[in-house]
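My entries follow the structure.

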Amino acid sequence: MQNSIFYFDDELYTAGLTDILIYHAFYKPLEFTVPGRDVAECYIKLVCKRDSGEILGLHLIGPNAGEIVQGFSLALRCGATWQELASTVGIHPTVAEEVVKLHITKRSGLDPTVTGC
């Protein structure tokens, strides 16, 4: 099995891929909080199978994205589920913590903007 990076977006729904769930959120990294930088481009998206919760992909835009995605690549390769990921403890204050806190799905229509630390 070869690890790859894919970009999933709303267009997948129109292509008939309705068996996926996308968890997403904007986040505020500490590196942006202290100097008051705009966090509009700090975004996480986790793509899962709807029935099993198996993680299909992780997309991250923001500081240290490569290091964070590398750390989660083993979980993806081992067939981890969103439920397993959500049950882990996030290390505070890190960007990786934001991944385990994901709980808003695109289907829900809820606002994924930053709500706090």
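I looked up Phe-26 and read a relative accessibility of 27%, so this residue counts as partly exposed. The model is predicted, and I keep that in mind for each entry.

Next I checked the ring pairs. I count two aromatic pairs.

I took the pair of Tyr-23 and Trp-82 and found the rings stacked. The centres are 4.4 Å apart, and the angle between the planes is 0°. Where do the two partners sit? I place Tyr-23 in strand E1, residues 20-26, and Trp-82 in helix H4, residues 82-86. The pair therefore ties together parts that are 59 residues apart in sequence.

Are these two residues buried or exposed? Tyr-23 has a relative accessible area of 9%, so I log it as buried. Trp-82 comes to 19%. The cut-off for buried is under 20%, so Trp-82 is buried too.

I then went back to Phe-26, which pairs with Tyr-43. The ring centres are 4.9 Å apart. The planes meet at 50°, so I note the pair as tilted.

Phe-26 belongs to strand E1 and Tyr-43 to strand E2, residues 43-49. This pair therefore links parts that are 17 residues apart in sequence. I read 15% relative accessible area for Tyr-43, which is buried, whereas Phe-26 is partly exposed.

Last, I looked for a charge over a ring. I found Arg-37 over the face of Phe-32. The distance to the ring centre is 4.0 Å.

Note on methods. Residues are numbered from 1 along each chain as its sequence is written. This is a predicted model: local features need pLDDT of at least 70, side-chain atom pairs count only at pLDDT 80 or more; totals for chains, interfaces and linings use all residues. Side-chain values use heavy atoms; hydrogens and water are left out. Rings of Phe, Tyr and Trp (its six-membered ring) pair if their centres lie within 6.5 Å; planes under 30 degrees apart count as stacked, over 60 as edge-to-face and the rest as tilted. Helices (H or I, at least four residues) and strands (E, at least two) are DSSP runs, numbered from the N terminus. Buried means under 20% relative accessible area, exposed over 50%, partly exposed in between (1.4 Å probe, protein chains only). A charge sits over a ring if NZ of Lys or CZ of Arg is within 6 Å of the ring centre and within 35 degrees of the ring normal.
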